[in-house]
Each structure stands twice: as structure tokens, then as C-alpha cells.
Amino acid sequence: MKATPGPGGAPLFDARAQIALSAAPHAVYAVISDLPRSGEWSPECLGGSWVCGEPATVGAVFRGENLRHESVVSWAPVVRGKWTTESEIVAAEPGRTFRWAMRDTAGRKQRSVWGFDLAPAGEGSVLIHHFRMDAPTEGIRGITAGMDQADKDRFFAEWGAKVAGDLAVTLERVKAVVDKR
């Protein structure tokens, strides 16, 4: 996990986790690309709805309903309680990859992309969940606006650890959903 900006345009955050699943890639893809169901596996997203475009295709927009506990990086001014986000699907290849970019309040894609990649593994598959933020988003800029460099470094480290943990939890929950099928 890369948690602080590095030289030469390194990403602000770059995290991934993976898990082996007994289901084939196309069966797993059918679950992970159904974002309204994401509340079954996400530590923060409660689910949501498609607001435009053909669901789960490139260009479609999803409005997620989220919930963050008070204890998450409790000293920083992050959104707590319930809130919504919008994301735009940027890659949708059944059985291979599904990715979405977070949108800002004006509806522009940001350089903050979440996604899943799949590969066959025997009769099952390997599922990789990843997150990459190449530049601070509108939200990150707002959170860190009043921070000195030491607090920014602390925030990026703690937020990076939170994201890494969320990726791992998500994969375990997806596995539980997929294994029930």
C-alpha cells in the first residue's frame, strides 16, 4: 500500500488485496458488477442505485449510499454517518475486470478508481480488489485543507491502512456471498 504521494507522480493511494474463490470468473463478475448489492460486502457502502446509463456498463453512473462510523480516523474531519457518492463505470469486461471512478460534486470523474479484476484459477478464480488515487480528490483536498504536513502524513497513513483493511474485508464478504450460490 502506497499511502503518501511520492516523487515522479506516484499515486497518493495504491492498494490491492486478493482472494481465491471456488466460483468461475463469470459467476463472480455477475455478483461484483451488481453494485446495488454492494451493501452485502462493503464495509462502508450500504448499496445504492443506478442513476443513468445501462447498469454495469462503461459510462453508467451509480449513486452509492454510505455509512462511516465515528471511530474511523476519528481526529480528522472526514464525513461521518450517512452520505452519498456518485461513481462512473470506467471498465466492464465480464469475467475479467470491473472498475469505477469517483465523481466530484460537478459530476466529473476523478483520478480515484476502485475495481475488481478476475483470473481463472483451476475450476475457480482469483479475485483482486484494488483502489488507486493518483491525485487528491475534491474530498481529500477538503479534509486536508487545514492540516500541516505532519497531520497530512498522519492522515494519509491512517486512511491508507483503513482502505487496505476495507479491501480485505470486502473480499472475505464477497467470498461468503459467492460461496452461497
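This is a predicted model: local features need pLDDT of at least 70, side-chain atom pairs count only at pLDDT 80 or more; totals for chains, interfaces and linings use all residues.
**Group meeting: fold, cysteines and aromatic rings**

Let me start with the contacts: among those in the protein between residues at least 6 apart in sequence, 51% join residues at least 24 apart, where contact means heavy atoms within 4.5 Å. Residues are numbered from 1 along each chain as its sequence is written, and side-chain values use heavy atoms, with hydrogens and water left out.

Turning to the fold, the secondary structure comes to 3 helices and 7 strands, taken as DSSP runs, with helices being H or I of at least four residues and strands E of at least two, numbered from the N terminus. Read from the N terminus on, the order of the elements is β-α-β-β-β-β-β-β-α-α. The radius of gyration is 16 Å, close to the 16 Å that the globule rule gives for 181 residues, so the protein is as compact as a globular protein of that length; the radius is taken over C-alpha atoms, and the rule is 2.2 Å times the number of residues to the power 0.38. Of the 181 residues, 44% count as buried, meaning under 20% relative accessible area, with exposed over 50% and partly exposed in between (1.4 Å probe, protein chains only).

As for the cysteines, the count comes to 0 disulfides, a disulfide being a pair of cysteine sulfur atoms within 2.5 Å. Cys45 is in no disulfide, and its nearest cysteine sulfur, that of Cys52, is 16 Å away. Cys45 is buried, with a relative accessible area of 13%, whereas Cys52 is partly exposed, at 38%.

Now to the rings, where I count 9 aromatic pairs; rings of Phe, Tyr and Trp (its six-membered ring) pair if their centres lie within 6.5 Å, and planes under 30 degrees apart count as stacked, over 60 as edge-to-face and the rest as tilted. Phe98 and Trp100 form a tilted pair, 5.8 Å centre to centre with 50° between the planes, and both Phe98 and Trp100 are buried. One aromatic cluster is formed by Phe13, Trp114, Phe131, Phe155, Phe156 and Trp159. Over the ring of Trp159 sits the charged end of Lys162, 5.3 Å from the ring centre, the criterion being NZ of Lys or CZ of Arg within 6 Å of the ring centre and within 35 degrees of the ring normal.
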